[in-house]
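Good morning, and thank you for coming. Please look at the sequence and the structure as I speak.

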Amino acid sequence: MTKEPEEFDFVMIKPSHYDDDGYPIVWWRTLIPSNSLAAVNGIARDCAARQVLGPEVRINLVTLDETNTHIVPARIIRDLRRRGARALIGLIGVQSNQFDRTLDLAREFRAAGLPVAIGGFHVSGCLAMLKAIPAEIQAALDIGCSLFAGECEEGRLDEVLRDAWRGALKPIYNYLKDLPDLEGAPLPVLPRDALRRNSQSWSSFDLGRGCPFQCSFCTIINVQGRKSRFRTADDLEAIMRENHAQGIKAFFITDDNLARNRRWEEFFDRLIRLREEEGIKANLTIQVDTLCHKIPNFIDKAARAGAMRVFIGLENINPDNLVAAKKNQNKITDYRHMLQAWRDRGVFLFAGYILGFPGDTRESILRDIDIIKRELPIDVLQIAFLTPLPGSEDHRTLLERGAWMDPDLNKYNLHHRVSHHPTMSDAEWEAAYADCWRLWFADEHMETVARRHAVRPGGRPKKAVQYMNEFKMLWEVEGLHAMEGGVLRRKRRKSRRPGFRRESPVTFYPRYALGTAAKAWRYWRMYAKAARIVRRVESDPARYAYSDIAIQPVSPDELETLDLFHQTAGGEAFVARKQRQDAIMEAVHAPHQPAA
């Protein structure tokens, strides 16, 4: 008789984090799935196919994203015991704001004797940048968790799974100094059941890792390194075909800066061929830098390949602030050229913008937001506090200086203030942040953005308003950033954060039901108001005659006339330097120009 294979479950959990009321942020449907979860699942799928635990062991893969699934450790533990399966609980892609929730989950699994491994940016960033292990990570080690730092391609997950099977997990697996090659590596994919928990047919993947820049607020450069590594066009095609077979047509490419991927043209050419010859279309969201327009054909091919939304790390319009953050690659004189190039191709523009650089005041912040609204054709400004994320140079600097940083890691999500500003009071900084959200997503500005899209033949003002309204609704109704958002908030009474009182069923369920109904009413009112804006814009007989400064073609004299260059801190000095540099270059090239 053939012996039944033994069971080993690799349970991969992407934790959420707690809201301000102590409940994990869980939705009925989420917007975008976790790329970390997809990447580890793809590697684990390869491990199972290669039978890394031997032919007598069946590896079962379970992927759970807490943002759309209630994680109840007791249920997982009961199922494993009922089936007699051994297991490894992997807490995947854990960011700093998710670490407290992660530790609470880990305690329950460890109390049941299950092995637990924790990986992600918080563990990797802290081990990369700090001299000593911080208290929360030491707490994980103290209860018997294993830590994984770095990336788990090239057989590293094999080692972890084998150690877990033998009951001999190491305390720390540190691969930070050994970055794997991505060419031909297992593909980041999620199973159909996990993808169905998204609100639309979305998935995510990476085509490269690492960034050559040195922004002081960034953690990526210290975890994934400054040396860029890339997948191949064949890898991309395989990702597209597998997802297309599951009905997935929209993708968030998570590369921090796709414009610095030296294979970008191969990727775009392959996507263009799949789109134009086979009808395999990709609706893409990509991330790029402010210099991408200087790469010949980059924006043209990105649009042809299916780029519908582009996220740009604008960060600030004050040159002095950009220098302070080591964001030296951002030149404010390039902003309008770059943004106009994307807009001309009908691409929606999302830009990251950080508040709280040393030179900021509440007055300067509000002035700058007004300048951006008037002079730059950005659709959605993703506003964030300057946050010393663990794993960044900023965090290490403040820690070594002994400066105050909020001890509650749950707040390190970019929309909570977690440090003090050198000149603004805490109240001023927080008020400026709230004012910026209110000003950018005001009804009047939503209508202005809609008119900027309506004036283009084939423009999509409805989609522009939809994007803005999604950000506005989630911020105003839920108090959350849209990247944490989803459809229909779910709460589990027993999952409240330790330290918060567990509510009685008599009060919890009525309050939850009434709160959900009240939110639905607010969502409906805001949706209806946005729809009225769209109807007003689309029905305007003069829609194609609209113009404003932001969408007017770049002109030679605007360096002398726009507030972007004269009202910002360091703006005039930056423009003066550029004009001197241009004059020098013109003088150098003049003798080599052919005579008239």
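This is a predicted model: local features need pLDDT of at least 70, side-chain atom pairs count only at pLDDT 80 or more; totals for chains, interfaces and linings use all residues.

I begin with the burial of helix α1: N35, L37, A38, A39, V40, N41, G42, I43, A44 and C47 are buried. Buried means under 20% relative accessible area, exposed over 50%, and partly exposed in between, with a 1.4 Å probe and protein chains only. Helices (H or I, at least four residues) and strands (E, at least two) are DSSP runs, numbered from the N terminus.

Residues are numbered from 1 along each chain as its sequence is written, and side-chain values use heavy atoms, with hydrogens and water left out.

What covers the buried residues of α1? The cover includes β1 (6-14), β3 (57-65), α6 (156-166), β8 (202-205) and β9 (208-209); contact here means heavy atoms within 4.5 Å.

Next, the length of α1. The helix has 15 residues, 35-49, and at 1.5 Å a residue it should span 21 Å; the expected span is 1.5 Å times one less than the number of residues. Its end C-alpha atoms are 21 Å apart, which agrees.

Now to the two ends. At the start of α1, a side-chain oxygen of S34 comes to within 3.3 Å of the backbone nitrogen of S36. After α1 comes Q51, with a positive phi near 55°.

I turn to the sheet. Six strands form an open sheet with parallel pairing, in the order β3-β1-β4-β5-β6-β7; two strands pair if DSSP finds at least two bridges between them. At the edges are β3 and β7 (172-174), each pairing on one side only. From one strand to the next, the twist averages 20°. Helix α1 packs on this sheet, touching β1 and β3, and its direction makes about 170° with that of β3. Axes are lines fitted to C-alpha atoms, for helices over the stretch in contact, and angles run from 0 to 180 degrees between N-to-C directions.

Finally, where is N316? This residue lies in the loop between β13 (307-315) and α12 (319-324). N316 is buried, with a relative accessible area of 1%. Leaving aside neighbours within four places in sequence, its contacts include Y335, F357 and D360.

Thank you for your attention.

Definitions and conventions: A polar contact is a pair of N or O atoms within 3.5 Å; within protein, one must be able to donate a hydrogen and the other to accept it, and residues adjacent in sequence count only if both atoms are side-chain atoms.
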